[in-house]
Amino acid sequence: MEAISLPLSSTSRSTNLLVQNMRSGTSSGSRWASDDTRFPLAPLSASTLEGKDPSICTRCLALNLNEMLSKTTTKRLGHMPLAKKELGLISTWSVESCNMCRFFFQSLNWLQKNSKEFFYLKSYQSEYSRGQWHSIPVIFLMIDVNSPTPPWLEHKPGNRKSFDLLDIPRIVPIAQYPNNALAPLSTDGTNFGIVKDWLQLCKRLHKENCGWNIEPHGVPYLKVIDCRSKSITLALGQPYVSLSYVWGSMSNNVQPGHRCVAENSGTLPKTLPKTIEDAITVTQKLGYQYLWVDRYCIDQDNSEEVMTQVRQMDLVYQKSALTIIAAAGDSPDYGLPGVGSRDRVTQPSLCLGERKLISTLHDPRYDIAKSTWMSRAWTYQEGLLSRQRLIFTDYQVYFECNGMRNCEAHNFPLKNLHTQNQQRLREKFCENRSMIGIFPLDGIGKHPFDIMRRIEEYSLRSLSYQGDILNGFLGILRAFEKSSLQVRHCWGVPLLLDFNNSTHAASCSACRPTFYPDYTCFIRGLTWYLPTPSPRRNGFPSWSWTGWIGPVEFDQIHANTYDAEMTVNLEFRNGRTSSWEEFQEGYEQFNKEFLFSTYVHLSIYTSSLRFEPRELYSKFNKVEQNSETYILRIFGENDTSATVKRWSLTTTRPLDIQARYTGLHVGNTKPSKRMGLAESVRVEKKGWPSRSNSRYHILIAENMGDYYERIGWATLGWDRKESEKPFVDLSGKLKHIRLG
């Protein structure tokens, strides 16, 4: 691009003096002033002094970027910028004729480009900014609205998508010296040198967090691609790289009866999808020889081999030295941007005399979060179970392991940002307490109840084939099962011990039994619900979250049930029933061979339920089935009843207002009440109390003839302070339920 001169305003004399003082180290305004090698400034050219350039509009000429990029302070300004200039509405920018307006527009994220707000150009000192920017000395510009808080202060801890709020690119001056922390992206493609540095630093520091202190063992019967010979071979304990990508539509995928590998030759086809071809290139560029790709390393026509490998997906990705993630495009034919024929989006830059400005690009995590890869169910466990992840987007590559993160446009001093034991970045350089960047800090989690969050996250993903709902999550279920957490499952329902609600007990192996003799761990796993009614997923039980198509949320995770009269028995496919103890003792075989049917037999206390339409909505023929249009009434002894305020339907089937439904008492949140709902539960006749000391969970079921089907979830509350008010005896009746 043609060099563009920087204009000087009436303050140019003082600005120029500050520039000279910073060069000579006499300025008292910055901790960097005496170190000109860290923030060198280019001399001002003659064209800059003239303040004229036909390729820059009048408004941009008046901005005086020299002053904005030179002003520093020793005072902590909080969220206030060092300087601020008006840019106005985007519709008034001369994007077609002005190089600087065009550069500013190209530096915006897509939300800003579609905004009708009044924009400002602001300068900030990185010393007082949050995150990794605090580690480097630079004055940067940001295009933002006139908000009282800058983007980094809008960060909300605990919000898994909070990086969306930080997605405003910085504009920084590029210094002409080696080891620049903000060098432009290479025009030749991916910078594999910096990628190797990330990998080596992880291997050197993260012995525990990333598992480098554990002697690697091979994955049984694992096949890999030999990138040199383009043939399929057994891994035999050799280090390998894995690929996570989107399969795309059926037209691009493996058809039944069609082999990906040449018949009886063990070699790859001559023509490969671009993503696989590029992944082979990346593997070799990083010094590895073997690559694992599911469509070539698993015989798709051999159902037994497919299931064997699906059940050990946790090992495939956990043992992989690196996982390449294709977060760009929606098919394997897209390629990895910056590797092969697929070019990356050009990084915005602008030459101003002898100085060059570049956009640091928006946060790559934003592109990843919005990618097709992030929306697919199968890729969830692939990213979560990997130790090191190299993610390709249309703009740059992003790296995240279990200890640190970085992207290609930045070269922060990562080693200096680590904790004292060097196992991970310090908390202020992470997304939040539980996440380094995108993925959970502790992989699958540290507490048994973390599996509930993993299920919630997974249920948000989409599946091309609904029958894959459990297979796509088996790797994570197995990881929980084999880890120190020892969480088993039944049809995806986590079997959660109570551990007396103790964090210590959950992390102490001495407190954990070798098998689960108590049925309550199964009942506790039933405490999920769907925010909105959803269609049934055929082939899966209604009592499991796998049986419904839609996002899942868990209610009170510490729900407890203590009832000596309650029993749980599982039904085999041949009709025989198994006791809970038999299931636990034969767990490995039963789950491996899927010997159980979708039915479970419960001896459980129940209450009668009825849905009644609200009079107001029935007049307007309101069809939604929720607490706004229907009243859920629970009946006790002598047909006394109470209104349930908090409930949600699972099914989309129309309700029968003439029928009585069955409420299964599955737990309460007050462990001191040993008998749960087997005793009287006080529920206000007037409805839900404002502050509840106890909560009681009801699984709503419909009689389908020879079995019951789960159709909803309800929660009752009782406040001790209101105990003097009339109450309904909802102790329920012990009943045998075949739940399917």
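Modeller: Start with strand S7 (residues 240–244) and strand S8 (residues 290–292), which pair in the parallel sense over 3 bridges. Within this pair, Val241 has Leu291 of S8 as its bridge partner. Helices (H or I, at least four residues) and strands (E, at least two) are DSSP runs, numbered from the N terminus. Strands count as paired if DSSP finds at least two bridges between them.

The model is predicted: local features need pLDDT of at least 70, side-chain atom pairs count only at pLDDT 80 or more, and totals for chains, interfaces and linings use all residues. Numbering runs from 1 along each chain as its sequence is written, and side-chain values use heavy atoms, with hydrogens and water left out.

Now the sheet around that pair. S7 and S8 belong to an open sheet of 8 strands, in the order S6-S5-S8-S7-S9-S12-S13-S14. Its pairing is mixed. Strand S6 (231–234) and strand S14 (405–407) stand at the edges; each has a single partner strand, so one side of each lacks a neighbour in the sheet. From one strand to the next, the twist averages 30°. Here axes are lines fitted to C-alpha atoms, for helices over the stretch in contact, and angles between N-to-C directions run from 0 to 180 degrees.

Next, helix H8 (residues 274–285). H8 has 12 residues and reaches 16 Å from first C-alpha to last, close to the 16 Å expected at 1.5 Å a residue. That expected span is 1.5 Å times one less than the number of residues. Buried in H8 are Thr275, Ile276, Asp278, Ala279, Ile280, Val282 and Thr283. Buried means under 20% relative accessible area, exposed over 50%, partly exposed in between (1.4 Å probe, protein chains only). Those buried residues pack against S7 and S8, and also against helix H7 (192–205), helix H9 (294–297), strand S9 (322–326) and strand S12 (388–392). A contact is heavy atoms within 4.5 Å. After H8 comes Gly287, with a positive phi near 90°.

In helix H14 (residues 378–385), 7 of the 8 residues are buried. They are Thr379, Tyr380, Gln381, Glu382, Gly383, Leu384 and Leu385. In H15, 8 of the 10 residues are buried, among them Ile451, Met452, Arg454 and Ile455. H14 itself is part of what covers the buried residues of H15, together with helix H16 (474–482), strand S16 (493–495), helix H18 (520–524) and strand S18 (553–554).

The loop between S14 and helix H15 (450–459) holds Gln422. Its phi is near 65°, a positive value in a residue other than glycine. Asn64 also has a positive phi, near 55°. Asn64 sits in the loop between helix H3 (58–61) and helix H4 (65–70), and is buried at 1% relative accessibility. Most residues other than glycine have a negative phi.

Now the cysteines. The model has 0 disulfides, a disulfide being a pair of cysteine sulfur atoms within 2.5 Å. For Cys101, the nearest cysteine sulfur is that of Cys57, 3.6 Å away. Cys101 is buried, at 2% relative accessible area. The sulfur of Cys401 lies 3.8 Å from the closest cysteine sulfur, in Cys202, which is too far for a bond. Cys401 is buried as well, at 1% relative accessibility.

Phe635 stands opposite Ser641 in S23. From strand S23 (residues 641–644), Ser641 and Thr643 point one way, Ala642 and Val644 the other, and all are buried.

Leu739 is in strand S28 (residues 733–739) and is buried, at 0% relative accessibility. Leaving aside neighbours within four places in sequence, Leu739 is in contact with residues including Trp543, Tyr599, Leu664 and Arg710. Trp543 is 196 residues from Leu739 in sequence, yet 7.2 Å away in space, C-alpha to C-alpha.

Last, confidence. pLDDT is the predictor's confidence in each residue, from 0 to 100. The chain averages 77, and 72% of residues score at least 70. Over residues 1–51 the pLDDT is below 50, and this stretch has 96 contacts in the model beyond near neighbours in sequence. Residues 250–259 are also below 50, with 19 such contacts.
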